[in-house]
Amino acid sequence: MHRFIQPCLVVFTGMILHSTTLAQKDSGYFSSFDKVKIHYEVKGSGKPVLLIHGFVGKGSDWKTKPVYDSLLANGFKVITADLRGNGWSDKPHEPEAYANDAETKDLMGLLKYLGIKKYQAVGYSRGSIIREG
């Protein structure tokens, strides 16, 4: 019996490690220009669309909006991020950390990190006024 249980545990552990590796590829943290950690998620494949949340929101808020599921169902790659100070991203306390288009720099850096050169962006509230610098 001992010989049967041990190989099962090895296979099961291998499956967990494989799943964790895949999850880390599609979500995680990006270290921005000033070392602030920005949380992001990527779902789907195809043409990329960056969804930018509103004031005091978080990237996962998009999952409750019909546009999120619609984009995925129509073959788009959907990228969400928690802007600095929100969600799972770092929350610096110094006002300077939010100056000089820091959020724009975060998002542009994230897209570069992900290897994305062409994309569409959709934002609401605060997310609709962040623009490429």
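Val49 is buried, with a relative accessible area of 4%. Here buried means under 20% relative accessible area, exposed means over 50%, and partly exposed lies in between, with a 1.4 Å probe and protein chains only. The model is predicted, so local features need pLDDT of at least 70 and side-chain atom pairs count only at pLDDT 80 or more, while totals for chains, interfaces and linings use all residues. Residues are numbered from 1 along each chain as its sequence is written, and side-chain values use heavy atoms, with hydrogens and water left out.

Val49 lies in strand S3. Strands (E, at least two residues) and helices (H or I, at least four) are DSSP runs, numbered from the N terminus. Val49 has several contacts, where contact means heavy atoms within 4.5 Å. Leaving aside neighbours within four places in sequence, its partners are Leu71, Phe76, Lys77, Val78, Ile79, Gln120 and Val122. The C-alpha atoms of Val49 and Ala121 are separated by 5.5 Å, although these residues are 72 residues apart along the chain.

Five of the five residues of S3 are buried, so S3 is largely enclosed by the rest of the structure. In a regular strand the side chains alternate between the two faces of the sheet. Both faces of S3 are covered. Pro48, Leu50 and Ile52 are buried on one side, and Val49 and Leu51 on the other.

The whole chain can now be set out. The protein chain has three helices and five strands. Along the sequence they follow the pattern α-β-β-β-α-β-α-β. Of its 133 residues, 33% count as buried. Among the contacts in the chain with a separation of 6 or more, 68% come from residues 24 or more positions apart.

The five strands form an open sheet in the order S1-S2-S4-S3-S5, with mixed pairing. Two strands pair if DSSP finds at least two bridges between them. S1 and S5 are the edge strands, and each pairs on one side only. From one strand to the next, the twist averages 25°. S3 and S4 pair in the parallel sense over four bridges. Within this sheet, the bridge partner of Pro48 in S4 is Lys77. Strand S2 (residues 37–43) pairs with strand S4 (residues 77–81) in the antiparallel sense, over four bridges. Val42 has Ile79 as its bridge partner in S4.

Helices lie across these strands. H2 lies across S2, S3 and S4 and runs at about 145° to S4. H3 lies across S1, S2, S3 and S4 and runs at about 120° to S1. Axes are lines fitted to C-alpha atoms, for helices over the stretch in contact, and angles run from 0 to 180 degrees between N-to-C directions. H3 has 12 residues and reaches 16 Å from its first C-alpha to its last, close to the 16 Å expected at 1.5 Å a residue. The expected span is 1.5 Å times one less than the number of residues. The buried residues of H3 include Ala102, Leu107 and Leu111. Its buried residues pack against S1, S2, S3 and S4. Just after H3, Gly115 takes a positive phi of about 75°.

The structure holds three aromatic pairs. The rings of Phe30 and Tyr113 have centres 5.3 Å apart and planes at 45°, so this pair is tilted. Rings of Phe, Tyr and Trp (its six-membered ring) pair if their centres lie within 6.5 Å; planes under 30 degrees apart count as stacked, over 60 as edge-to-face and the rest as tilted. Phe30 lies in strand S1 (residues 27–31) and Tyr113 in helix H3 (residues 102–113), so the pair ties together parts that are 83 residues apart in sequence. Phe30 is buried, at 9% relative accessible area, whereas Tyr113 is partly exposed, at 48%.

The rings of Trp62 and Tyr124 have centres 5.1 Å apart and planes at 75°, so this pair is edge-to-face. Trp62 lies in the loop between strand S3 (48–52) and helix H2 (66–73), and Tyr124 in the segment after strand S5 (120–123), so the pair ties together parts that are 62 residues apart in sequence. Trp62 is buried, with a relative accessible area of 4%. Tyr124 is partly exposed, at 29%. Ring pairs also link Phe30, Tyr40 and Tyr113 into a cluster.
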